[in-house]
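Here is a short tour for anyone opening this structure for the first time. Take a look around, then read on.

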Amino acid sequence: MRLLKVATCNLNQWAMDFDCNLKNIKESIVRAKEGGAVIRLGPELEITGYGSEDHFLELDTVAHAWECLKELLLGDWTDDILCSFGMPVIKGSERYNCQVLCLNRKIIMIRPKMWLANDGNYRELRWFTAWKQNDQLEEFHLPSDVSEALQQKTVPFGYGFMQFLDTAVAAEVCEELFTPIPPHAELALNGVEVFMNASGSHHQLRKLDLRMRAFIGATHTRGGVYMYSNHQGCDGGRLYYDGCACVVVNGDVVAQGSQFSLKDVEVVVAQIDLDAVASLRGSISSFQEQASRKQHVSSVHVPYKLCKPFNLQMSLSSPLKISYHSPEEEIAFGPGCWLWDYLRRSGASGFLLPLSGGADSSSVAGIVGCMCQLVVKEIANGDEQVKSDAIRIGNYIDGQFPTDSKEFAKRIFYTVFMGSENSSDATRSRAKMLADEIGSWHLDVSIDTVVSAFLSLFQTLTGKRPRYKVDGGSNIENLGLQNVQARIRMVLAFMLASLLPWVHNKPGFYLVLGSSNVDEGLRGYLTKYDCSSADINPIGSISKQDLRIFLRWAATHLGFSSLAEIEAAPPTAELEPIRSNYSQLDEVDMGMTYDELSVYGRLRKIFRCGPVSMFKNLCFGWGSKLSPSEVADKVKYFFKYYSINRHKMTVITPSYHAESYSPEDNRFDLRQFLYNSRWPYQFRKIDQLVDELSVGKDAPASSNGVGVVAAGSADPKAGL
């Protein structure tokens, strides 16, 4: 037997905070050594933080990374343990995303990333060059100060592997695993038994299964040990890196770390028998045949043994059942951990949330409540870093610290019901009930006097006073009256967030939380600069469907029972007067259901459908219940209001990224914000298709882009 003990980790790094990152790296090495590991794998670009983005273009960033690496190599951190560190490296005129492989205070080789992630939230080609010289390793001259300190002038640089006396080890960096021909396939044929994947992979709902299947597939048919390390936490942006460091042997997961956690460092250790890899490969005839005609990959000889012989006192890691969270749990724990990282690193003293008693703001409140529960639980488990942060943020004194989540929420979480004459008693009572269950400091304020003051000012200026539609006003008047309420709430929220801590003799300021969901952003069903405008938004890329599922789950599993009643209530903005024959409802205002919006969103973004392609797809999907003419009307109606309201995405609050069809304009969904909302060419093509499909059956489709769906009402928030 060749027994090998390996360690991989989840690290909560912070982009450009080299002290924080170096501290976590050192702690992970200490724990790996304590566990008896001889290989330690860290995440991609761990020294700088993966989310440093355009800071990678600064020479300072690269220089500081080398300084940190030098500190690691001058100490005893790499003694008797192979360490893989992620950092940017400049070779010649090019900047590369690299894994620097070190052992016993020396750099063995530098492995640049060959296939860069450059879609969705990833922009690696903006900062790095892909390594293309795969036929041989090149000589890299170390920076002069590093060279002098290490007494080492050059190191091998490029695509290759390390040949130890008893096994072969290679790096595979994040995106490379998911390419059509991943490097591990060729490396396995060259005898590599241990693969180290340093990753910077962010959370997305229902994504973990795809990742785990890739790890399993990498070793299931060709054998091998696959190590995976990832960042975990918010490193300064919209993404939450969801950890799940793991070790897979011959297709079986033998060690798995947490997906969501408040820990800064989590190390996963596994002990494996490399003879099991050799045995599996020797039993697969096709593997043997392909290995006999393999393309040669360069290697670096390392005169060092990593394995230990057979020993009954060293037990092997056994296959595990993979741990998955349900989507409801992902919504609770992912944004909850992201909020905690943002709070503790921002210098703020807590959160303020405009709590309307509706599904969206109540979902945000539930997530903050979950965050408070996670903090108290982690403190009870002995995490000193979480305890220290909680004491500082909660302003505890005399050795006190959080032991009860409701008491902690009272210190760091304000909720405000900003009612008007259009608000119902039901939503007011639901907001109060939920605040009591969570423990927030709850306020109930009427904005009617402020609204009246604005309207009086307007009347003084113009001589006119607008009326609601139900009182005989026009659509323009109705829209203006709704928007002034929404925007007053935004201004009041920021005022309270900045001054309430002062009122209660607390230090700092509060972060305002937004609560618009991904479907409303896609449709533009929000007022520009209303309560959707905040500091951060934990649900901004989560669909209404998923939020309703979360509310039902949280009512039971988080102990916030009022969320069940909130979920069952029909969604309403409560910006218009309630009458015996009229009550404002979101789906009526929008002219489409939230379920339909999710379909449109996925077709538009995930399946890259324009109006014509969406129409064709929906003719198949909805053809059993709608005629082609009706499908055309729905598609045209959606694209009309999507394009009218697209400009709102340019100022949307930074949101936790959770959904692959998010319309977030800043980094993920890059499109124009001034459209010809009539889409004349595309809608004309749809009309032609409808005519062809409807010959002898239906009348031709309407060409105004509105059709039957728009007949009910005008969008109260279109364009504003």
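Asp687 lies in helix 23 (residues 680-693). Helices here are DSSP runs of H or I with at least four residues, strands are runs of E with at least two, and both are numbered from the N terminus. Asp687 is buried, its relative accessible area being 11%. Buried means under 20% relative accessible area, exposed means over 50%, and partly exposed is in between, using a 1.4 Å probe and protein chains only. Along the sequence, Asp687 and Val612 are 75 residues apart, yet their C-alpha atoms are 9.7 Å apart in space.

Ser613 is found in helix 21 (residues 611-621). With a relative accessible area of 36%, Ser613 is partly exposed. Leu603 is 10 residues from Ser613 in sequence and 8.7 Å from it in space, C-alpha to C-alpha.

## What kind of model this is

This is a predicted model, where local features need pLDDT of at least 70 and side-chain atom pairs count only at pLDDT 80 or more, while totals for chains, interfaces and linings use all residues. Residues are numbered from 1 along each chain as its sequence is written, and side-chain values use heavy atoms, with hydrogens and water left out.

## The whole protein

The protein has 23 helices and 20 strands. Its radius of gyration is 29 Å, close to the 27 Å that the globule rule gives for 720 residues, so it is as compact as a globular protein of that length. That radius is taken over C-alpha atoms, and the globule rule is 2.2 Å times the number of residues to the power 0.38. Along the principal axes, the C-alpha atoms fill a box of roughly 90 × 80 × 50 Å.

Of the 720 residues, 58% count as buried. Contact means heavy atoms within 4.5 Å. Among contacts with a separation of 6 or more, 75% come from residues 24 or more positions apart.

## Inside the cores

Which residues touch the most other members of the largest nonpolar core? They are Ile47, Trp66, Leu69, Phe85, Ile107 and Ile110, out of 63 residues in that core. Helix 2 (residues 59-74) gives the most to this core, with seven residues. A nonpolar core is a set of buried Ala, Val, Leu, Ile, Met, Phe, Trp, Tyr and Cys residues joined through side-chain atoms within 4.5 Å.

Leaving aside neighbours within four places in sequence, Leu69 is in contact with Ile47, Phe85, Met87, Val100, Cys102 and Ile107. Another core, of 57 residues, lies apart from the largest one and includes Ile379, Phe408, Ile542 and Leu547.

## Rings and charges

One aromatic cluster is formed by Tyr600, Trp622, Phe638, Phe639, Tyr642, Tyr675 and Trp679. Rings of Phe, Tyr and Trp (its six-membered ring) pair if their centres lie within 6.5 Å, and the count comes to 30 aromatic pairs.

Lys387 lies over the face of Phe401, 4.1 Å from the ring centre, and Lys605 lies over the face of Phe668, at 4.5 Å. A charge sits over a ring if NZ of Lys or CZ of Arg is within 6 Å of the ring centre and within 35 degrees of the ring normal.

## Helix 9

Helix 9 is mostly covered, with 16 of its 20 residues buried. Gly347 follows helix 9 and has a positive phi, near 85 degrees.

Terms used:
Phe/Tyr/Trp six-rings, centres within 6.5 Å; stacked < 30°, edge-to-face > 60°.
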